[in-house]
Every structure is written in C-alpha cells, then in structure tokens.
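Student: I have a new structure open and I'd like to learn how to read it. Could you walk me through a few features?

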Amino acid sequence: MPDVLWTADEIAAATGGQVAGDFAATGVSIDTRSVERGDLFVPLVGARDGHDFVPQAVANGAAGVLAAKPVDAPAVMVADTFKALEALGVAARERAPQCKRGAVTGSVGKTSVTRAVEAGLRLAGKAHASVKSYNNHIGVPLTLARMPRDTQRAVFEVGMNHADEITPLSGFVRPHAVAITTVGPVHIENFPDGEAGVARAKAEILAGLLPGGIAVLNADNRWFDFLKGEAEKVGATVWSFGEAAGATARLTGFAVEGEGATVSVDLRGEALNFPIRQTGVHWGPNSLCVLLMLEALDVPRETALAALAAFAPIEGRGAEKTVRIDGGAFTLVDESYNANPVSMQAALKTLGARKVAGRRIVALTDMLELGEDSARFHAELAAPIAAANVDMVFLAGVHMKSLWEQLPPTRRGGYAVVTEKLTAELAGAIRPGDVVMVKGSNGSRAGALASALAALDLGERV
C-alpha cells in the first residue's frame, strides 16, 4: 500500500483551510484523467471549473478534495485552490529539510537533462522529480506538493514563455543547484529585444538559489559571460561545461559507436571517458551538464556515470525505431516533441554524422514563436541540411515554405501546408535502409507525422 503523503489535517495546516471530512492522500492530482486511487484532487479554475469534475475524480478513486466550493466528498476547504496548491508545495519543501534540490532550465535540452539527472538521483537514493514537462506555474508547485517527506534529492524542470515567469518558480523550489543548458532564439516573439530577453528570463532561475548554491552554465553559449555575471551577483559558485578552454568540465571528444557514444572530458584536470546511450552530438555537452548537476547534488561520480550509461533517448527527443516495410526496414528518428533553430541544427548535425545504409531523409514541420525573424530562421536551415548530406527533404507548414524555396530541386521531396497531407507522399518515398528523421514544434503536429510513420511497421499489423 502506498505511503500516506498528506493527511487532511496536514493539508489544512499547510493551506490555512478547514477540514470537512477526514481523509489521507497518497498522491496529488489536478486532472481526473490521471487520478489514481488515494489521490488528493485539486480542482483548478481556468477555462473550465475543476469543481465540475469532482464527482468523476471521486469515482476514479480520489480520497479527498482541496476545494473552494462545497463538494460531495471529504475535503479541505480553502478560498483559492491554486493558491492552496502553491502553499502545499511550499509546505512539502519545508518539511523535507534534508532534501537537496536542483532546478533545470534552458532554451534546448532542459527536459532531457532533467530526466537524466533524475536517473542519477534515483540510483543514489530516495528521489523525486518533475513528470513529463510539468515546468510551469502549475507544474512546479504540483511537483513539489507530490514530494514525499523522506526525499533525499529532487530535480525540477523550470520553463517559461515570457519574462517574470521563472522567478516565482525558482522561489518555490529554492534550489541548491541550478543548470541553464543553453540560451537561444526560442519564444523570441514574446521579447522585444529578442534573444537578450530570453537570456534574462533564463537567468531568473538564479533568483531562488540558496546562499552558496551552484550554477551550472554552458561555457560555449554566447550568453555565458552574462549568465556567469548574474550568478555571481547572487553569490553562486559557477561550474561550466562545454568545449571552451577553462570549462569546469571540458568536452574533448564525442565518438558515436553503434547505438551510443563515448564522451571524453577534462574534468578539473582529470581525463575521463565514459559511455552514454545517446548518439546526438548535443549529448556531448548535455552529459557534462548532467555530470556536474549530479555532483552538485552530492551524487557519487560512479553512480552518475552508471546513470548516464543506462539513460536511453526519450520518446520524441531522439528515440529510434526500426520500422519494417516491404523488402526490409528503415530507421525512424523521432525528434517530434519540439523544435527551434538551435535544436534543429543539432539534430541535423547528428544525422549527418551517422553512417547510413540508404538515404538520409528529413521531415520537418514549422518552428513556432520565432516572431518577425521566422522566415529567416527557417530559410537558414538549408545550410545545415546541405552540410548533413541530407538526400530528401519533406516539409510541412506555412513557415517551412521559406526553407522549401531555398532547397535545390535535387533535395525536394515534398511540401504541404497541412502536416497530415504530407504523410502519404513521405511514406511512399521511403525505402529499406533509409534513416528518416522527423522534427518540428509540438504545435505544428510533427508528432502526428512520426506516429504515422511508426504505424507503417508491418510487424504492428498482425
């Protein structure tokens, strides 16, 4: 039986609420679709009022409700369920003073780095982490509220679309260590000064850093000096990673070997070589970021290296699938979770570096939230496509038309404004031995394209 996470009295004490029916909860949920037996259900008020779903939550097994309106269930009554969720998160943090907490942000790679850090924390002991990409004003306090009181280490993903969003989230977590994977042209349509605004927004993660905390920063990023300065303003110790001379963890080699790679690093003057289950070139610096974050959270090095050796690509972020078709099979590289100019170039560089039996094919959908420079950012992908020796390019979306116009006819595979209308043409072009990479922003439905290609597998049609 799961351990009790919160009693009704504890919830009331944390939130200033009143108990209306005793209960004990083993988890916390804000969505009836994911409610598990024993959960505390927190009905938030947004486009829909979550209180309307309380009967469904109880039917699905919720033990009690954190409610702002009368409900037909054991409850703790509060004035505002969102504020109460925040308070519950803070209480969870305060009742676990032994827990070392880390927070990760960045324009690219924050979810994968968070997941890899989590893998190391779980090998080291009682750990807690964000699920999925719960990195916003709801996800961060929810993740905190779910943290058991005996947690030894935790890592939180922190994201943003606008300025002043990360500061309160960092204040909730109060991390002992933070990492900024990189800063690039992501969400720049929301910042009048473009990438400089993004850099300032990412630096907000330093706001909640505990005194004497550690900031892990990308030494190769153009904003490193700025971020280092911001970290020093709050008294942080800066550890850096990348290929730059003087980096705390300096990348000296990255060799792809089969379904993984060997990373070489100079770590404070000590030469190390270690295997990872990743082939993306961006995993050279990413692995060093993970290594430093785990060190900052008191994870032994051998445990950190074991976690990196076992950590597999995440679905939608480089996961590969062998798809059987008539006459053989092709390799599907699923990079469909999200895309921006930085991650696009990294993915294309990785594709160009791998050995292929057939052709290199890419299917790309629109990159979003790039503002007035969107056409330029899309068109500029023609150069890394050429450098990667891509044989055929399939594009979908109104923004990708700018790239289509830059491609030579020999590389043009197909173009459609609507992603789903590209599927049949792309599927018909694939041959055994090909490597097909799908990448695009979540909102441009790259995932639907990747799923359609995965469904071509003859082995799935039994």
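Predicted model: local features only at pLDDT ≥ 70, side-chain atom pairs only at ≥ 80, totals over all residues.

Student: What is the handedness of the crossing where α9 passes α10?

Tutor: That crossing is right-handed.

Student: Which residues in α9 and α10 meet?

Tutor: From α9 come Ser287, Val290, Leu291 and Leu294, and they meet Ala304, Leu305 and Leu308 of α10. Sorted by class, this contact has six nonpolar residues, one polar and no charged ones.

Student: Now for the empty space. How do I read that?

Tutor: Rolling a probe the size of a water molecule over the atoms shows where empty space is left. Here, the second largest pocket has a volume of about 690 Å³.

Student: Which residues are closest to the centre of the second largest pocket?

Tutor: They are Leu5, Thr26, Gly27, His128 and Arg146, out of 29 residues that line the pocket. At least two lining residues come from each of β4 (27-29), α4 (110-124) and β9 (127-129).

Student: How many residues of each class does the lining of that second largest pocket have?

Tutor: Its lining has 13 charged residues, nine nonpolar and seven polar.

Student: Let's zoom out. How many helices and strands does the protein chain have?

Tutor: You can count 16 helices and 22 strands in the chain. Its radius of gyration is 23 Å, close to the 23 Å that the globule rule gives for 462 residues, so the chain is as compact as a globular protein of that length. Along the principal axes, its C-alpha atoms fill a box of roughly 70 × 55 × 45 Å.

Note on methods:
Residues numbered from 1 in each chain as written. Heavy atoms only, no water. Left-handed = near helix turned anticlockwise from the far one by under 90°. Helix = DSSP H or I, 4+ residues; strand = E, 2+ residues; numbered from the N terminus. Contact = heavy atoms within 4.5 Å. Nonpolar A, V, L, I, M, F, W, Y, C, P; charged D, E, K, R; others polar. 1 Å grid on protein atoms, 1.4 Å probe; cavity = no way out; pocket = protein on both sides within 12 Å on 5 of 7 lines; lining within 4 Å. Points joined across faces, edges and corners; volume = space filled by probe spheres on them. Rg over C-alpha atoms; globule rule 2.2 N^0.38 Å.
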